[in-house]
Amino acid sequence: MKRLFYVVIIILIIAGLVYFYPEIEWSSPEVKIDLESDHIGTRPFDIDVSDKGKGLKNVKVILSGDHEDSILANKNYPEGVKGDKIEVKLDPKKLGIKSGQAELKVIAEDRSRLKIFAGNKTKVEKKVNLDLVPPKLDVISTDQYINHGGSGLVVYRTSPDTVVSGVHLGDYFFPGYKANFKDENVYLSFFAYPYDIGPKEKIIVVAEDAAGNEKTSGLFYTLRNVNYRKSDINISENFVENVMVPILDEDVSDSSHKEIFLKVNNEMRTKNNALIEEIATKSENDMMWEGAFRQLSNSKVEANFADERTYILNGEPIDKQYHLGYDLAVTKRYPIEAANNGVVVYADDLGIYGNTVMIDHGMGVLTLYSHMSTIDVNVGDQVKKNDIIGRTGETGLAAGDHLHYGIYINGVAVRPIEWWDKKWIDDNVITKINQASGEFNSANTESLPQDSNTDSNSE
Ligand SMILES: [Zn+2]
């Protein structure tokens, strides 16, 4: 009798295991709180939850601090959901929460029948710094005229909690650089009003703290329209064969003239421009330049900035590109002067641009010299204004010996003529910095650009 009882018990246990086994799993859900720092504020953040076994059942996100627990998310999942990304966005007013120390709790439950049908639970707690106060931001510089396709400078002061600041314009962002004042919360942001955005885009100065709280300020300015030229350029098959094929350095015997043209003028140009942008965005936090930038001596501008060029091959328009600099020609193999003081950050071949030198002048300002026959500087060289960096030539996509000369701000090409103009520099840069240094007690004026009388850009 006793033996029969044990047999029945064993049979029941086996039956239970067979019935429930598929419903049981031993792995608990995984939770990952995706935070850039331990500061949380109004910037949304993600919580990744997943379960390898039966899937998720419920996820709760709770914030506790000096206030009642706030439920930031509470999600139930239908059967079969193995993972989710929950975006959490704090609404301080609705939640009635204040800045301070707090704790973020995530409780994730799966559908396992383990633990008396309650499922496996994962609880993750993280101490956070709840920061709901945006940085302070005061724009110091005064009204200005900005040319479409040209440059501008804004001087502003933020509170010390700022981690990123600068100028937003459409999809473009121009970071601020610390000015060398006693008050180290003053920044300079050189920016472009890019040639390729519409005139209705607004210039917004922005400061962001570690929790992603943002303070923005508009800028008073007048945007001046600039008429950029449009032109058609007829391409000969001869040019494609003799100039473009050698640049490509690949077997193109099966490609048509049009295909070769697009490979160079479009694909390679895009790649080359991306590299210029990448290099230009790694600028020094130091204004190395002084006074007006120089134009190649004795040169005239032969092709303008932001000319919109339509390329025509055998009567068919096949491509459209902007010319992002000036073409300057003097005589063959003419010595090229550095436009201003800076550091050489590129000295090599660059696709359509041929032999190219780039000089970083600091705070996002960069000059580019292309189609050179010889390069006489190396990466890392410090150059002074007027130092000879090489000679003009016709390497890359060039028809005839000339210098292609570009000025970039944080990788965006701008009209060089402003930077050649002493009056423009005085009005738009020097005056603003001097005003701010008067207000913020310049600690070291030596590194600020001095007005130089030796410039004459009228050649
Ligand atoms: Zn050019």
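Which residues of S31 are buried on one side, and which on the other? Leu-403, Tyr-405, Ile-407 and Ile-409 are buried on one side, and His-404, Gly-406 and Tyr-408 on the other, with both faces covered. In a regular strand, side chains alternate between the two faces of the sheet.

Welcome to a predicted model, in which local features need pLDDT of at least 70, side-chain atom pairs count only at pLDDT 80 or more, and totals for chains, interfaces and linings use all residues. Residues are numbered from 1 along each chain as its sequence is written.

Strands are DSSP runs (E, at least two residues), numbered from the N terminus.

| Partner strand | Direction | Bridges to S31 |
|---|---|---|
| S23 (residues 326–329) | antiparallel | 3 bridges |
| S27 (residues 365–372) | antiparallel | 6 bridges |
| S32 (residues 412–414) | antiparallel | 3 bridges |

Let us look at some facing residues. Leu-403 is the bridge partner of Leu-328, Ile-409 stands opposite Val-365, and Tyr-408 stands opposite Ala-413 in S32. S31 and S32 form a hairpin with 2 residues between the strands, where Asn-410 takes a positive phi near 45°.

Now for the whole chain. An automatic or database assignment sets the domain bounds: domain 1 (2–130), domain 2 (137–224) and domain 3 (230–414). Between the C-alpha centres of domain 1 and domain 3 there are 57 Å.

How values were computed
Buried ≥ 20, exposed ≤ 12 C-beta atoms within 10 Å, placed from the backbone. Helix = DSSP H or I, 4+ residues; strand = E, 2+ residues; numbered from the N terminus. Pairing = 2+ DSSP bridges.
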